[in-house]
Amino acid sequence: MMSGTLAGTGSFRCEECGYVVTLSAEDALPECPGCSGASFTRASLFTGGRFTRAAQTPRSADEQESWLERARGQVAAPGEHLVYEDGGKIVAVPLEKEWTRVGRSLAADVRFDDPTVSRRHALIVRQADGVRVLDDRSLNGVFVNGERVDWRGLKDGDEILVGRYRLTFLEVQEVGAASSELEATA
């Protein structure tokens, strides 16, 4: 019982300025040394600070339709693709293999270096009867159109959430003019 198991032991982050205070078992929360505030939450490696990535806010129906149209225009070849936005750029990943791994691992085909993404988060499986997404024993789960799934068949325009990342499955029949905004990966 030397560290982290008793209530009051551990690190706490000021909700106003982000200052972190570390306490031992018998300490009481002080006034914040950074801003004199009194509102603290338990600090975590995964909340606040340099290890977090802002969660994406849901798009309205109009915004989603506009984004899908823009994404379709950026795809370089017909076929099945995973499309997502990263730093304001549209990234299109063609699904050419039977299995496409999504995760934090260096072995992942679609890699997200974020603590909300498991090393082996999801698999996109292409077979003769269609494309489906499988949860690959992830901690935070896989969501398709807002519903948590273990596996699900995908159709054009389905939104897949992996950690904090929003991917869209596209089936493109004809290709528009590709612009310089496209970043295609294999």
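Tutor: A salt bridge is a side-chain nitrogen of Lys or Arg within 4 Å of a carboxyl oxygen of Asp or Glu. This is a predicted model, in which local features need pLDDT of at least 70, side-chain atom pairs count only at pLDDT 80 or more, and totals for chains, interfaces and linings use all residues. Residues are numbered from 1 along each chain as its sequence is written, and side-chain values use heavy atoms, with hydrogens and water left out.

Student: How many salt bridges does this rule give?

Tutor: The count is 10 salt bridges. In one of them, lysine 97 and aspartate 109 meet through their side chains, at 2.7 Å from N to O. Aspartate 109 is in the loop between strand S6 (99-103) and strand S7 (110-111), and lysine 97 is in the loop between strand S5 (89-94) and S6, so the pair ties together parts that are 12 residues apart in sequence. Strands here are DSSP runs of E with at least two residues, numbered from the N terminus.

Student: Which salt-bridge partner does arginine 152 have?

Tutor: Its partner is glutamate 147, and the closest N and O atoms are 3.0 Å apart. To describe such residues further, one uses relative accessible area: buried means under 20%, exposed over 50%, and partly exposed in between (1.4 Å probe, protein chains only). Arginine 152, at 27% relative accessibility, counts as partly exposed, and glutamate 147, at 44%, also counts as partly exposed.

Student: Are arginine 166 and glutamate 159 buried or exposed?

Tutor: Both arginine 166 and glutamate 159 are buried. Their side chains meet in a salt bridge at 3.6 Å, N to O. Elsewhere, salt bridges that share partners join Arg101, Arg120, Asp136 and Arg137 into one network.

Student: How should I read a nonpolar core?

Tutor: In soluble globular proteins, nonpolar side chains tend to be buried together. A nonpolar core is a set of buried Ala, Val, Leu, Ile, Met, Phe, Trp, Tyr and Cys residues joined through side-chain atoms within 4.5 Å. The largest one here has 22 residues, and Leu82, Ile160 and Leu167 have the most contacts inside it. Several strands each supply at least two residues of this core, including strand S4 (79-86) and strand S13 (159-162). Strand S14 gives the most, with 3 residues.

Student: Which residues does isoleucine 160 touch?

Tutor: Contact means heavy atoms within 4.5 Å. Not counting residues up to four places away in sequence, isoleucine 160 touches residues including Leu82, Val142, Leu167 and Phe169.

Conventions
Helices (H or I, at least four residues) and strands (E, at least two) are DSSP runs, numbered from the N terminus.
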